[in-house]
Amino acid sequence: HENFNIQEVKTLERKWLDAYEKVDIISMDNIVDSNFLITFPNGATQTKVDIIKDLPSFNQCCKNLRIYTNNSQGVDFGNVVILRGIVTSEWLQEGKQIIIRQRYTDTYIKSENTWKVVASHLSDFK
């Protein structure tokens, strides 16, 4: 059975993915820590500022965006929870269905009784 911290963080992660899907800047701002950095498989990175700046363009490029996780496992270190699993992103781009599956590692930190995501790393796999 998962402990309370892991359950809380998994719920927050779903809200984070919803913020991408719904282009919800307020939720994105509340969930993502100011020190956040995501690293993509090609080595590119984005900060919180980058994500919030780029979020409105998701509506133009990525129609019907849907993001979901599978095989998500949590490790609880008290005020730090690490989630690992598979994330799938699906969208329509110029009429074509795009599906990308990646392994992810997300790090959440609890500060002042609030969880925030501080780091994310994505890796491609076959």
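**View 1. Trp16 in helix H1 of the predicted model.** Trp16 counts as buried, because its relative accessibility is 3%, below the 20% limit for that class.

**View 2. Trp16 against Phe36, an edge-to-face pair.** The ring centres of Trp16 and Phe36 are 5.7 Å apart. Their planes stand at 85 degrees, so the pair counts as edge-to-face; the class begins over 60 degrees. Trp16 belongs to helix H1, while Phe36 belongs to strand E1 (residues 32-39). The pair therefore ties together parts that are 20 residues apart in sequence. Phe36 counts as buried, at 1% relative accessibility.

**View 3. The aromatic cluster of Trp16, Tyr20 and Phe36.** A pair of aromatic rings is described by the distance of the centres and the angle of the planes. The count of aromatic pairs comes to two. In the pair of Trp16 and Tyr20, the ring centres are 6.0 Å apart and the planes meet at 45 degrees, so this pair is tilted. Ring pairs link Trp16, Tyr20 and Phe36 into a cluster.

**View 4. Ile51 and its contacts.** Ile51 lies in helix H3. With 3% relative accessibility, Ile51 counts as buried. Which residues does Ile51 contact, leaving aside its neighbours within four places in sequence? They are Tyr20, Met28, Phe36, Ile38 and Gln46. Tyr20 and Phe36 are also members of the aromatic cluster. The C-alpha atoms of Ile51 and Ile25 are separated by 9.2 Å. Along the chain, these two residues are 26 residues apart.

**View 5. Arg103 over the ring of Phe125.** Arg103 lies over the face of Phe125. The distance to the ring centre is 4.5 Å.

**View 6. The largest pocket.** This pocket holds about 580 Å³ of space. Its lining has 25 residues. Closest to the centre are Phe40, Phe58, Ile67, Ser89 and Leu122. Helices H1 (4-22), H3 (48-54) and H4 (58-61) are among the elements that give two or more residues to the lining. By residue class, the lining divides into 16 nonpolar, six polar and three charged.

Technical notes. Residues are numbered from 1 along each chain as its sequence is written. This is a predicted model: local features need pLDDT of at least 70, side-chain atom pairs count only at pLDDT 80 or more; totals for chains, interfaces and linings use all residues. Side-chain values use heavy atoms; hydrogens and water are left out. On a 1 Å grid over the protein atoms alone, a cavity is a set of points where a 1.4 Å probe fits but cannot get out, and a pocket is an open set with protein on both sides within 12 Å along at least five of seven lines; lining residues have an atom within 4 Å of a point. Grid points are joined across faces, edges and corners, and a volume is the space filled by probe spheres set on the points. Helices (H or I, at least four residues) and strands (E, at least two) are DSSP runs, numbered from the N terminus. Ala, Val, Leu, Ile, Met, Phe, Trp, Tyr, Cys and Pro count as nonpolar, Asp, Glu, Lys and Arg as charged, and the others, Gly among them, as polar. Buried means under 20% relative accessible area, exposed over 50%, partly exposed in between (1.4 Å probe, protein chains only). Contact means heavy atoms within 4.5 Å. Rings of Phe, Tyr and Trp (its six-membered ring) pair if their centres lie within 6.5 Å; planes under 30 degrees apart count as stacked, over 60 as edge-to-face and the rest as tilted. A charge sits over a ring if NZ of Lys or CZ of Arg is within 6 Å of the ring centre and within 35 degrees of the ring normal.
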